[in-house]
Amino acid sequence: MNTIAPQGKRFLRPMALLLSALLMVPFLNACGESQTSTPPPPVDDTRGGTVTNPAPTNQPQAKKGLSTGQKVAITLAGAAALYYLYNKNKNKQQQGAQGKYYLSKNGRVYYRDAQNRAHWVTPPAEGIRVPEEEAQQYRDFQGYNNRPTGRDLKGLPEASEAPVPAQ
């Protein structure tokens, strides 16, 4: 008959207790997590995957044609579209994509979600059609009437007031 030597048994129980304790650490760590006062890092929705940029609620979607009072519509893209979206949403009170927009010092537009995370706003690829009278204030910006030249949003006076999220 073969007998097994008990030499390995004396470390078996302490090793089992140690491994059990190590498996409990993540659960105990999650229970003691406290809320921090600093907002989480920004979410850059423009990188990787598909970008979904919901249209602002005050942007008419159902009307494809122009009324008689709106003889000409200008397409805003790029910086002009971002500045248009910022101006339309900068005074809203709610949070999220349909809420208040901010202009950062680096010339980008963002909004904050319910967890206070910053989400960068990307203008729609097809641009935004705006009545000519309303679009005139954006004529110096890149993307006005799909123009590739013009100024960007860096250095605008209202950008210095807005809190800048970390990139």
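How many residues does helix α2 (residues 78–89) have, and how far does it reach from its first C-alpha to its last? Helix α2 has twelve residues and spans 17 Å, close to the 16 Å expected at 1.5 Å a residue. Keep in mind that this is a predicted model.

- Among the buried ones are three alanines in a row, Ala79, Ala80 and Ala81, along with Tyr83, Tyr84 and Tyr86.
- Asn87 and Asn89 are on the buried list too.
- What do these buried residues pack against? They meet the strands β1 (73–76), β2 (101–103), β3 (109–112) and β5 (128–131), plus helix α3 (132–135).

**The nonpolar core**
- The largest nonpolar core is made of 24 residues, and those with the most contacts inside it are Leu76, Tyr83, Val109, Tyr138 and Leu153.
- As a bit of background, nonpolar side chains in soluble globular proteins tend to be buried together.

**Two salt bridges**
- A search of the whole structure turns up two salt bridges.
- One of them joins Lys88 to Glu134, with the closest N and O atoms 2.5 Å apart. Lys88 sits in helix α2 and Glu134 in helix α3, so the pair ties together parts that are 46 residues apart in sequence.
- Lys88 is partly exposed, at 30% relative accessible area, and Glu134 is partly exposed as well, at 26%.
- Asp113 pairs with Arg117, and here the closest N and O atoms are 3.1 Å apart.
- Is Asp113 buried or exposed? At 10% relative accessibility, Asp113 counts as buried, whereas Arg117, at 30%, counts as partly exposed.

- Met15, Leu18, Leu19, Leu22 and Val25 make a nonpolar surface patch of about 470 Å².
- One of these residues, Leu22, lies in helix α1 (residues 12–31).
- In an α-helix there are 3.6 residues a turn, so residues three or four places apart point the same way.

Notes:
Residues numbered from 1 in each chain as written. Predicted model: local features only at pLDDT ≥ 70, side-chain atom pairs only at ≥ 80, totals over all residues. Heavy atoms only, no water. Patch = residues over 30% accessible without salt bridge, like charges linked within 9 Å, V, L, I, M, F, W, Y side chains within 5 Å. Areas by Shrake-Rupley, 256 points an atom, 1.4 Å probe, with all protein chains shown as cover. Salt bridge = Lys/Arg side-chain N within 4 Å of Asp/Glu carboxyl O. Helix = DSSP H or I, 4+ residues; strand = E, 2+ residues; numbered from the N terminus. Expected span 1.5 Å × (residues − 1). Buried < 20%, exposed > 50% of the residue type's maximum accessible area, 1.4 Å probe, protein only. Contact = heavy atoms within 4.5 Å. Core = buried A, V, L, I, M, F, W, Y, C linked by side-chain atoms within 4.5 Å.
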